[in-house]
Amino acid sequence: MNTAAIETQTLTELLDRISRRENLAEAEWLQVISEASTEDLRRLADALRAEFHPDNVVTYVVDRNINYSNVCFSVCNFCAFYRKPGDPEGYVLSYEEIYEKVEEMIEIGGSGILMQGGLHPDLPLDWYTGLLSELKNRYGIHLHCFSPTEIFGMAKTFGMSYEQVLRELKDAGLDSIPGGGGEILVDEIRRKRRTECNSQEWLDAMEAAHQLGIKTTGTMMIGYGEKVEHRIQHLEKLRQLQARTLASGNPGFVSFIPWTFQPDNTPIGRIIPDRMPAEEYLRWLALSRLYLSNIPNVQVSWLTVGLSDGRRGLHFGANDIGSTMIEENVISKAGANHKATELMLVDVIREEGFTPVKRKADYTRIYSITNPN
Ligand code: SF4
């Protein structure tokens, strides 16, 4: 038997083990991503999506991304959004400005807000808790706010534990938290990217949320100079955290969203000027679906790859197409300026052969839609 035949047989065996939802070792996943054909990855990921969601539904959300402040004491060199404390271009939205944005979102049929910002060194805890309780009392909307990186920033600023910060926010009305700041959870690359919150701190903040029963989303930002093995290590850390969370009886990650680095206007955009090709993104989308077989939903990031490649992702393991995103300031500053209305997303889902269903940020379904207008 020649070497090529042995390698082919081994890959087939690995793909069989994946289809039985066995977890592979790091070296085996590396072999799969380097050797498997795109069609094999697509087929397996699509089968797992159908197993999780046999009703053929693809979900989407109408919400608004509110970036309450761009002031940040981290200096991540892949970020085009932040301003250092004291910078004249730094801002903090007033409560009234945030109310206006929420009311506009409600008018177009939105169900909640995704609110994130920089790591502000001076905002007091009651600014965050006061805002959450006002928003909950006034509008009763779903509040999907503050990534683990922001929880890390608050804990550091207020001298509190992650659990103490999260309890205060939850008591004030926080419903779920987004997975921002995860990027790649390997400190070798995080140090190079000058990210203040290291991988263990991010995971600890996320785990504290899980243990309080707060639903969260996991993310992975790819294409910002990390190695392929870093991506695998990132997926493994999320898989292990989710396994511990499920064992404790909590839902934890309700979804996973891989997205691509947007280089425009970022300090490292000069050394990494190119966006990841769609084919590579789709391969990693499929691999993520397969790797994270303990997380029920996977979202394709049409916002970073565009709607024409985003719709292809629905056949690569994704069962969610994300948000209409009527406002987004972080990745749009770095060059992703894709826009879609609710009707556009519904049409895309139907054209790809699925049933569109509107959901909330925590993936609970709102209704099956026939005509959003
Ligand atoms: S990515 Fe987030 S934490 Fe990093 S500089 Fe930008 S706003 Fe701050």
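In β3, I66 has M115 as its bridge partner. (Strands pair if DSSP finds at least two bridges between them; strands are DSSP E runs of at least two residues and helices are H or I runs of at least four, numbered from the N terminus.) To get from β2 to β3, the chain passes through helix α4 (residues 95-107), in a right-handed β-α-β crossover. Right-handed here means that, with the strands pointing away from the viewer, the path from the first strand over the helix to the second runs clockwise.

This is a predicted model, where local features need pLDDT of at least 70 and side-chain atom pairs count only at pLDDT 80 or more, while totals for chains, interfaces and linings use all residues. Residues are numbered from 1 along each chain as its sequence is written.

## The other neighbour

β3 also pairs with strand β4 (residues 142-145), again parallel, over 4 bridges. Here G112 sits opposite H142.

## How buried is β3?

Strand β3 (residues 112-116) is largely enclosed by the rest of the structure, because 5 of its 5 residues are buried. (Buried means 20 or more other C-beta atoms within 10 Å of the residue's own, exposed means 12 or fewer, and partly exposed is in between; C-beta atoms are placed from the backbone.) In a regular strand, side chains alternate between the two faces of the sheet. On β3, G112, L114 and Q116 take one side and I113 and M115 the other, and both faces are covered.
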